[in-house]
Amino acid sequence: MERWRNKVAVVSGASAGIGAACARALVGAGLLVVGLARRQERIEEMRAKLPPAEQRRLHARRCDITRESEVLAAFDWAQRELGGVHVLVNNAGIIATTELSGPGNTQAIRDTIETNLMGSVYCIREAFQAMRRQEQQQPEQARPEGHVIIVNSVAGQQVPNLGPQLPSLNIYPATKFALRAMQEIYRQEFQRHQTRVRVSTISPGIVDTDILPEQIQGVIKPHMPMLRSEDVADAVLWTISTPANVQVQNITIKPQGEKF
């Protein structure tokens, strides 16, 4: 991890759960972290609880990733104030509380697609362009590396059957399957441009975060083991710590005893 010290990482959805855990872990590893979230104040509260030396390395930016203009402004700020972007943890995501076949669900479905897919498109595109500019500004032997981490889900590998007692996952698994395909497209495109930027996916099983609708939490929590957000953050640190010639395609982590 020493080679990443004082490099810049952007984390989307950094106000809670996996995003917050990743922001803390990256700051602790010596990176400068820009946390993006609609709830900027939550990141600022988290920063206040860090040791003084680490507080200076965490920056909170209000950003709704479904709004392209806000994403552009956030990455422009990182470029101007911190000198660029070296790591992206593309984490922000939501689950709608509706059925895919249910009435009047258009806005909930659109919100999920806009957050999970279009928000990812905006963030990954801007991160890659920043990383590519950094490479072009250096001689070939000194080109910096970059790493894009996509936080996905086991729901992007197989649609969980939660049974009739639990709410439908509606469009959520479809967005996660799409992210899985996008990761391979990004890998091919980054290679096509002959960059040193890698792209990896972390696919956790059920994680104890507030992304889960209350109806699901109430049934699952008492009966099913769950990962901690910190477990996913550990996987992110391991992934970026691998040698620059190693392409980590996907890491699947599940809590011991998970039934899916």
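## Packed helices and a few telling residues

Leaving out residues up to four places away in sequence, glutamine 40 touches Ala60, Arg61 and Arg62, where contact means heavy atoms within 4.5 Å. The model is predicted, so local features need pLDDT of at least 70 and side-chain atom pairs count only at pLDDT 80 or more, while totals for chains, interfaces and linings use all residues. Residues are numbered from 1 along each chain as its sequence is written, and side-chain values use heavy atoms, with hydrogens and water left out.

Let us stay with glutamine 40 for a moment. Its place is in helix α2, which covers residues 40-48; helices (H or I, at least four residues) and strands (E, at least two) are DSSP runs numbered from the N terminus. Is glutamine 40 buried or exposed? Glutamine 40 has a relative accessible area of 16%, and therefore counts as buried (buried is under 20%, exposed over 50%, partly exposed in between, with a 1.4 Å probe and protein chains only). A polar atom of the glutamine 40 side chain lies 3.2 Å from the backbone oxygen of alanine 60, and alanine 60 is also one of the residues that glutamine 40 touches.

From here we can turn to the helix pairs. Two packed helices are described by the angle between their axes and the distance between the axes. The axes are lines fitted to C-alpha atoms over the stretch in contact, with angles from 0 to 180 degrees between N-to-C directions.

Start with helix α1 (residues 17-28) and helix α8 (residues 229-241), whose axes are 8 Å apart and pack at an angle of about 50 degrees. Because of that angle, α1 and α8 are oblique to each other (under 35 degrees is roughly parallel, over 145 roughly antiparallel, 65 to 115 roughly perpendicular, and the rest oblique). The crossing of α1 and α8 is right-handed, a term for a near helix turned clockwise from the far one by less than a right angle. On the α1 side the contact involves Gly17, Ile18, Ala21, Cys22, Arg24, Ala25 and Leu26, and on the α8 side Ser229, Glu230, Val232, Ala233, Val236, Leu237 and Ile240. By class, the residues of this contact of α1 with α8 are 10 nonpolar, two polar and two charged (Ala, Val, Leu, Ile, Met, Phe, Trp, Tyr, Cys and Pro are nonpolar, Asp, Glu, Lys and Arg charged, the others, Gly among them, polar).

Next comes helix α5 (residues 106-136), with helix α4 (residues 68-82) as a partner: their axes come within 10 Å and cross at roughly 25 degrees. α4 and α5 are therefore roughly parallel to each other, and their crossing is right-handed. The contact brings Glu68, Val71, Leu72, Phe75 and Gln79 of α4 to Tyr122, Cys123, Arg125, Glu126, Ala127, Ala130, Arg133 and Gln134 of α5. Which kinds of residue make up this contact of α4 with α5? There are seven nonpolar, two polar and four charged residues.

At 12% relative accessibility, tyrosine 122 counts as buried. Setting aside neighbours within four places in sequence, tyrosine 122 is in contact with Ile65, Thr66, Glu68 and Val71; Glu68 and Val71 belong to the α4 side of the helix contact. The C-alpha atoms of tyrosine 122 and lysine 176, which are 54 residues apart along the chain, are separated by 16 Å.

α5 also packs with α6, at an angle of about 15 degrees and with the axes 10 Å apart. α5 and α6 are therefore roughly parallel to each other, and their crossing is right-handed. Thr112, Ile113, Asn116, Leu117, Ser120, Val121, Ile124 and Phe128 of α5 make this contact with Tyr172, Thr175, Ala178, Leu179, Met182, Tyr186 and Phe190 of α6. The residues divide into 11 nonpolar, four polar and no charged.

Threonine 112, in helix α5, is buried at 0% relative accessibility. Apart from residues up to four places away in sequence, threonine 112 touches Ile94, Ala96, Leu117, Ile171 and Thr175.

Asparagine 6, in the segment before β1 (8-12), has phi near 65 degrees, a positive value in a residue other than glycine. Asparagine 6 is exposed, with a relative accessible area of 52%. Glutamine 194, in the loop between α6 (172-192) and β6 (197-204), has a positive phi of about 55 degrees although it is not a glycine. Glutamine 194 counts as exposed at 64% relative accessibility.

Methods. A polar contact is a pair of N or O atoms within 3.5 Å; within protein, one must be able to donate a hydrogen and the other to accept it, and residues adjacent in sequence count only if both atoms are side-chain atoms.
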